[in-house]
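Please open the structure in your viewer and keep the selection tool at hand.

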Amino acid sequence: TATFVFAITLVQYQLYHKKSYIGSFIISSLCILMGTSRTYLAVLLCAWMLLIYIKIENKKAFPYIVVVGVSLFVLIVLISPVSEKFLNTANRTSAGMDPLEAITSGRSVFWYYDVVSIFKSKPFELVFGHGVNWLFYLNKAYLGYPLWAHNDFIQILSDYGLLGLTIYLWALGSLTHNLLKGCHISALPVFFLLFMWFFNAFFNMFYTYFCASLSFPFFCLALRWESQSGH
């Protein structure tokens, strides 16, 4: 929800240029920083990088601003409540847990099991999927409690097969291409836009969270309008 508020505020800010919208950016950012989700820290960072890109007049200075902005963001994260998550990760690693398992909060363990199980499926199920509950109960049998994949690519591959995953990637790629077609935008802001989607989709889930999904086209529109503004 905070990500969606940030996205629609960004569009409003472009339309009306009111400084009061800065308050909305700050409040939605604080909602994420005071939460416990590490995934949305990356999303927030990308959102701010897009805001900065849209705001500055000299686009050639953007790469240098990114270096400063990322450094400042890391410092802010270190003093926010979510920093405890990183400390817990470090403690688990020092206690002997596999670093990948610690970083992904154990997701990598069942991700491997899920992917292996999916590719052992019959050809029809591999192409068209097993349905929405198959992976949920597969993880219950493996872990002792039901669990979704927390990963768009694995979840869609399980539910709707290779066909569903192809449609998902085509839909997102088509949306991005159509909204940014003909726009003169440097590669770096486009990278932040796509990384925002990919990181969330890979480590949390994107398409199952309505506000997260709905925010993406608004960020695309913000970049498109910035390109057309003549800055």
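Select helices α3 and α11 together: in this predicted model, their crossing is left-handed. Helix α3 covers residues 39-55 and helix α11 covers residues 187-203. Their axes lie 9 Å apart, and the two helices pack at an angle of about 165°. Because angles over 145 degrees count as such, α3 is roughly antiparallel to α11.

Next, display the side chains where these helices meet. On α3, select Thr39, Tyr40, Ala42, Val43, Cys46, Ala47, Met49, Leu50 and Tyr53. Their counterparts on α11 are Pro189, Phe192, Leu193, Phe195, Met196, Phe199, Asn200 and Phe203. Of the residues in this contact, 15 are nonpolar and two are polar, with no charged residue among them.

Now turn to the largest nonpolar core, which holds 57 residues. Which of its members touch the most others? Select Tyr168, Leu193, Trp197, Phe206 and Phe219. Helix α3 supplies the largest share of this core, with 12 residues.

Centre the view on tyrosine 168. Apart from neighbours within four places in sequence, tyrosine 168 is in contact with Asp152, Phe153, Ile156, Trp197, Ala201, Phe206 and Tyr207.

Finally, move to serine 28, located in helix α2 (residues 21-33). Is serine 28 buried or exposed? Its relative accessible area is 3%, so serine 28 is buried. With residues up to four places away in sequence not counted, serine 28 touches Ala2, Val5 and Phe6.

Definitions and conventions: Residues numbered from 1 in each chain as written. Predicted model: local features only at pLDDT ≥ 70, side-chain atom pairs only at ≥ 80, totals over all residues. Heavy atoms only, no water. Axes fitted to C-alpha atoms, helices over the stretch in contact; angles between N-to-C directions. Helix = DSSP H or I, 4+ residues; strand = E, 2+ residues; numbered from the N terminus. Parallel < 35°, antiparallel > 145°, perpendicular 65-115°, else oblique. Left-handed = near helix turned anticlockwise from the far one by under 90°. Contact = heavy atoms within 4.5 Å. Nonpolar A, V, L, I, M, F, W, Y, C, P; charged D, E, K, R; others polar. Buried < 20%, exposed > 50% of the residue type's maximum accessible area, 1.4 Å probe, protein only. Core = buried A, V, L, I, M, F, W, Y, C linked by side-chain atoms within 4.5 Å.
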